[in-house]
Amino acid sequence: MALGKQSYFVLDADTNELTWPDATFALWDIDPEPGGRVTLEWVYSTIHDDDRATIESGYRDPAWNTLTLEYRIALPDGTYRHIRNIASRDRDSAGRVIRVFGLLQDISDERRIAGELKTKDAFLDLAVQSARIAIWELNLDTGEVLGNEQVTTLLGYAPGELPLHTDTWRDLGHPDDIAGRLAALDLHLSGKAERYQHEHRQRNKSGEWSWVLVNGQIVERHLDGRPLRMAGTTLDITARKSAEQDLGAENELLSLALRMGRLGYYYRDAATQDVFWPPETFDIWGADPLKGTPPLDWLLSTIHPDDR
């Protein structure tokens, strides 16, 4: 009896006569034949050309007792259905094959989903490579690191060129960042932080410093609760850090120019009416920055009556 999209077949090894239940005819989308009889030649004719040689060689191999094959069959409407065939052989006392029987499963949905996942994996791979994201896993007991090729190429090294161990990244780290990295890691390992996150510098193959953003989390623990494995990502943020530094330098030059020219500015939020002053504006008014930006009424009171 068929179960969902499953059925069976029986093949007489002496006559090559196939017997099908109604459910197997339904897998081929055809009406049942009287007595459930179909010819082996006709079945082979419905198999996709690219799959037929594999099926024929598999069945003709005298050694097997159980065989699993996957192939496509042509339906009357011109489309194809993916079938998984799990066959077994019956032998007589002399070891001669007398009967072949097996299970037939419609695996079209399974193959479709597998194809979609393969496509999604390819897109994810492309996105990871384009964004220069390293994906890694760390064994906290041994220090061994597993990951994609970006684990090393992120710093300009070829895959396999660096030992995949935490000692490698410790040695490549900027000395000024080590304390902060360890403190952030301890916070996560001790349960005080949900995840490990830190920005720091790593020396790349050319000898320059690359900025990276590392995010990680414990994914496995020992039976006694001690952390065993972490997994996470490393992102190259050198360009962002460079832009931040450039902006900081520009702001310093602007501040210097304002002070030298006795210039200032203000910003007023139209929604809240709040006013922001930089230090240079406090200097012009002779106001104390520690007391905060004066209210608008006070500002108006300081303006000469003829100019107000």
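Trp20 is tucked away in this predicted model: its relative accessible area is 5%, which counts as buried (under 20%; exposed is over 50%, partly exposed in between, with a 1.4 Å probe and protein chains only). Local features here need pLDDT of at least 70 and side-chain atom pairs 80 or more, while totals for chains, interfaces and linings use all residues. Residues are numbered from 1 along each chain as its sequence is written, and side-chain values use heavy atoms, with hydrogens and water left out.

The structure has three aromatic pairs, meaning rings of Phe, Tyr and Trp (its six-membered ring) with centres within 6.5 Å; planes under 30 degrees apart are stacked, over 60 edge-to-face, and the rest tilted. One of them joins Trp20 and Phe25 edge-to-face, at 5.1 Å centre to centre and 75 degrees between the planes. Phe25 is buried too, at 0% relative accessibility. Trp20 also pairs edge-to-face with Trp42, at 6.2 Å and 70 degrees. Trp20 sits in the loop between strand S2 (17-19) and helix H1 (22-27), and Trp42 in helix H2 (residues 40-46), so this pair ties together parts 22 residues apart in sequence. Helices (H or I, at least four residues) and strands (E, at least two) are DSSP runs, numbered from the N terminus. Trp42 is partly exposed, at 33%. Trp20, Phe25, Trp28 and Trp42 make up one aromatic cluster.

Over in helix H7 (residues 178-189) sits Arg181. Leaving aside neighbours within four places in sequence, Arg181 is in contact (heavy atoms within 4.5 Å) with Trp169, Arg170, Gly173, Tyr196, His198, His200 and Gln202.
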